[in-house]
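This report describes one protein chain. The overall form comes after a single residue and its surroundings.

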Amino acid sequence: MSSEPASVESLRVLYQSDDYIIVDKHWDIRIDSKMWYEKQTVQLQLQHHFPHLADPSTYYGFRFCHQLDFSTSGALCVALNKAAAGRAYRCFKDRTVTKAYIALVRGWVEQETQTLNFAIGKNSMEGRTHMMCIEGSEGCENPKPCQTEVTVLEYGMYDGDPVTKVLLQPLTGRTHQLRVHCSAIGHPIVGDFTYSLGADDSPYRMMLHAYLLHIPLEPQELLVTAGDPFVPAVDPKWISQRSLRTLEATVDAVLEHRKTKEKEEEVARREGEKRKQSKQRRMEEQSEEQRRACQEWLSEWAGD
């Protein structure tokens, strides 16, 4: 990842198989577009690098398994056939996918770990219909439950202003969720032009990056990391002053927590199946007992 603008040639592939390609999406391009004037999209990059893998039966030629905002960089999964897209879609639908983002946010976040629970809805205010908002704010329509886990990684400065590097783990998948949640706690993402209402326009990009993507496919899971672009080698305006925990250790903890949760869910599922089977047996035994009682009554009645 660099601070240079995107080009058709600048496509970084993180993983490739017969079924999937995972790319490191650039920070200033859309995934796809129907507009003729969009000259830089991930769709066009893929067509340039992998024309033989494009599927003419689809509108864009490639099946994108999920979405990243125009200004968000990082791991993006692309399915190369319909069956692969279906398998990945089920994982996203069942919320078994683990995603983690790195961000630089304005100010120093005091609470080292926290879970944000602001419901998010569509902003109906004039001039802001392309934005989302938290429940209770003016013009917020149809808010839905939303959860984001925030972990502080480092404190530092960006271009002379205090900022915090955080790991953001969305437990739900609402539009602009991370951007809205960070703004809601008074720590908007550095360079977020939209949710600063145009005020934060000096950074060269929005500092939000999809670092980790884990899709528990069978028989082979997909697990990739897309590097950390928020380092002085890429952007010398970022200066780390105090590190609380490493990115690698924090991500390992996220994945370990996911494994533990999956085991607990599997145990709960098996116990639920056992209870269901036990209940079914009791019902069958009761039905059999009722049938015998009914037959005995009928025999006695016939004898009388």
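## Arg 258

A residue counts as buried when its relative accessible area is under 20%, as exposed when over 50%, and as partly exposed in between, with a 1.4 Å probe and protein chains only. Arg 258 has 12% relative accessibility and therefore counts as buried. Arg 258 sits in helix α4, which covers residues 247-303; helices are DSSP runs of H or I with at least four residues, strands are runs of E with at least two, and both are numbered from the N terminus.

The C-alpha atoms of Arg 258 and His 214 are 10.0 Å apart, and the two residues are separated by 44 residues in sequence.

## Basis of the model

The model is predicted: local features need pLDDT of at least 70, side-chain atom pairs count only at pLDDT 80 or more, and totals for chains, interfaces and linings use all residues. Residues are numbered from 1 along each chain as its sequence is written, and side-chain values use heavy atoms, leaving out hydrogens and water.

## Overall form

The protein chain contains four helices and 14 strands. Its radius of gyration is 25 Å, well over the 19 Å that the globule rule gives for 304 residues, so the chain is more spread out than a compact globule. The radius is taken over C-alpha atoms, and the rule is 2.2 Å times the number of residues to the power 0.38. Along the principal axes, the C-alpha atoms fill a box of roughly 100 × 50 × 45 Å.

Of the 304 residues, 42% count as buried.
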